[in-house]
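Please brief me on this model, topic by topic.

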Amino acid sequence: MATPQPNTADQLGISTEYQYGFHDDIKPAFKSRKGLDEEVINQMCDIKEEPDWMRQYRLNAYQIFKQKPMTKWGGDLSQLDFDDIYYYVKASDRSERSWDDVPEDIKRTFDRLGIPEAERKFLAGVGAQYDSEVVYHSIVEELDKIGVIFLDTDTAVKEYPELVKKYFGTIIPSADNQFAALNSAAWSGGSFVYVPPGVKVDYPLQAYFRINSENMGQFERTLIIADEGSQVHYVEGCTAPIYNSESLHSAVVEIVCMKGSRVRYTTIQNWANNVYNLVTKRALAYEDAQMEWVDGNLGSKLTMKYPSVYMMEPGARGEILSIAFASKGQHQDAGAKVYHCAPNTTSQITSKSISKDGGRSSYRGWVDVAKGAKGCKSHVVCDALILDKDSRSDTYPVIEIGENDTNIEHEARVSKIGEEQLFYLMSRGLSEEEASTMIVNGFIEPLVKELPMEYAVEMNRLIQLQMEGSVG
Amino acid sequence: MSNDLVIKDLHINVQGKPIIKGLNLNVNQGEIHALMGPNGSGKSTLANGLMGHPLYDIDAGEVIFNGINVLELEPNERAKLGLFLAFQYPTAIPGVSLANFLRLAVSAVRSESTNGTENAELIPMREFRRELRDKMRQLGVDDSFATRYLNDGFSGGEKKRAEILQLAMLEPKIAILDETDSGLDIDAVRIVGESVNRLIGPELGVLIITHYPRLLDYIRPQFVHILLDGRIVESGGWELTQLLEAEGYEPVREKHGIAEAE
């Protein structure tokens, strides 16, 4: 890594004419030593100038983390060394990485995706996205007028302490699981969103725009509160490969959907293939509220992610659409959880997975209906597509029903790309690669059509890239 | 003519079992041939083998198309040369719209590259849409076809019409219609037959493979062949279809000493 020095526009090849182009007050870069302990946490809190309650929260979470045994289910975590990881890297340090340090295959993918230069550097962690910052500022002004708060969580802790304190860690407590505890101790960045009662935000809020320093961190912490009758769509990530020299990404996303509100949270992530992506996502949906997770997982070494919805009051609805693409050396252990805690709540889980070149995808799902939660409905559909004989797909559904008056359906299908389908498409002039790509894109179409336009286009291009060279 | 399809002493086996046993046939652009035969005579094996289905093994013989022996070519390379197969049972491709698929297919067969492994440059969307709309109108196909997923949930008749629409868009030199009339009611046979008729001209050679002569009421072949036990045993003109219509395959079997396939 290059020695820290202030960025200049010339260095990054970016025009300085933007009003919000640069922070004049770039602080000296900081990077904690490897490993996590009280000292590192205290250091982090000092630098962030965090309030005492957050410091206590972190230290408490760290105690919980220390006591948790290594997670044994899901994927293979035996190679994950918690002591070999930097837990806090101040953002300005991140931008010191040289473009030359970015691996060739990542650069090639940027080329193929046609990602603009400045954006590439941002995605690769070698520069800030100044264009986006301008966009972000104008969006924040707009949102301000309707009372919507959209900040990075670090700033929110300082500017809206009461609001953050009221909900932070209440949906996913530190003790929930090993990685929630780790995130609670070491978190940085992530988004904080508050939508006031009755307000409908009619364009997606993109984490990508909210680039103020630390959102690309390894331990993001996102909290979204949709007040009564409000509506919001939050989009996280992007389809370009996220390059980070660190090998652990462990985010926590907490969402509260109050009465009659509607929240959609869309994630498309394509991690570099050395990354452990271990994420906890959970939403509480109150009376007649609707929560939708749209979750696309590509890349990484191991992803363990099961977005969940707790339906707390009658009429609540949870929907989870998830897609996983496991290629060589990758294990996508993804799925969904729904908890019907109140009567007349409904849920829908749609999971699609693709395994290729020896990749493994697993669906892990949980449907829970509490005693007395009458009239609940849940529909689960799991489709797996296996592209070759070296690849693997598993399904681990759990259904726990404490109430007789319920309607649960579970469908699972495993298919291979059929010789007949390939022959049919090839007989029309498509190469084998074009034909398989078309079949795979068709397979994930139900998810892709739920994505905002630009993400849908990129998703299809990405599948095309993943499929390239897959036919020998 | 260089665009002939010349089949010489072709032998095809399926999972080790010989099905086509020395078949000879020439089809030129502008000609319409009917190949008629009872179930089990090898009709679909011939169709799939000509297009290059991987499960159909060619034991011997040659298939020369456009002056090139196509037996070593991938199905997509055969398509690019101008060979087309209308399937008896078109496969569904869920999630892929007919229009998106056809745009890629049309781009592939029209691309200059003869290398079947390179991805084709897409033809411009407007140009493609206009052409697709015109062809759909010409064939009386409903506009909704374009956005429906390819063969997914299509009725038997719709699948066959989608095949003919693909034929119209891909503009092959030789088209093989494999049992295009099977599974259709009489109205659907008429509609499909009339559609094919609209496409017939000096640039298109057609090999209609069929069990029943009824499609031939709409598409009148100049040449009729009878396939029994993997070989063409009779070739002639329209009169052969009349003979089959009147007497069935039995007299032909007896004449050539071929027992009914089990």
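This is a predicted model: local features need pLDDT of at least 70, side-chain atom pairs count only at pLDDT 80 or more; totals for chains, interfaces and linings use all residues.

A residue is called buried under 20% relative accessible area, exposed over 50% and partly exposed in between, with a 1.4 Å probe and protein chains only. Residues are numbered from 1 along each chain as its sequence is written, chains are lettered from A and ligands numbered from 1 in the order in which they are written, and side-chain values use heavy atoms, with hydrogens and water left out.

**Aromatic pairs**

- Rings of Phe, Tyr and Trp (its six-membered ring) pair if their centres lie within 6.5 Å; planes under 30 degrees apart are stacked, over 60 edge-to-face, and the rest tilted.
- That rule gives 15 aromatic pairs over all chains.
- One stacked pair is Y310(A) with Y339(A), at 4.2 Å centre to centre and 15° between the planes.
- Y310(A) sits in strand β12 (residues 308-311) of chain A and Y339(A) in strand β14 (residues 331-340) of chain A, so this pair ties together parts 29 residues apart in sequence.
- Helices (H or I, at least four residues) and strands (E, at least two) are DSSP runs, numbered from the N terminus.
- Y339(A) is buried, at 16% relative accessibility.
- Y424(A) and F87(B) are edge-to-face, because their planes stand at 65°; the ring centres are 4.9 Å apart.
- Y424(A) lies in helix α11 (residues 419-426) of chain A and F87(B) in the loop between β6 (83-86) and α3 (98-110) of chain B, so the pair joins two chains.
- F87(B) is buried too, with a relative accessible area of 6%.
- W53(A), Y57(A), F168(A) and W187(A) make up one aromatic cluster.

**Charges over rings**

- A charge sits over a ring if NZ of Lys or CZ of Arg is within 6 Å of the ring centre and within 35 degrees of the ring normal.
- R428(A) lies over the face of Y424(A), 4.9 Å from the ring centre.
- In chain B, R220(B) lies over the face of W238(B), 3.7 Å from the ring centre.

**Sheet in chain B**

- Two strands pair if DSSP finds at least two bridges between them.
- Four strands of chain B form an open sheet in the order β2-β1-β4-β5, with antiparallel pairing.
- Its edge strands are β2 (17-27) and β5 (68-69) of chain B, each pairing on one side only.
- Eight bridges join β1 (residues 5-14) of chain B to β4 (residues 56-65) of chain B.
- I12(B) has I58(B) in β4(B) as its bridge partner.

**Positive phi**

- Most residues other than glycine have a negative phi.
- Q15(B) is not a glycine, yet has a positive phi of about 50°.
- Q15(B) is in the loop between β1 and β2 of chain B, and is exposed, with a relative accessible area of 76%.
- E171(B), also not a glycine, has a positive phi of about 45°.
- E171(B) lies in the loop between α5 (156-170) and β7 (174-178) of chain B.
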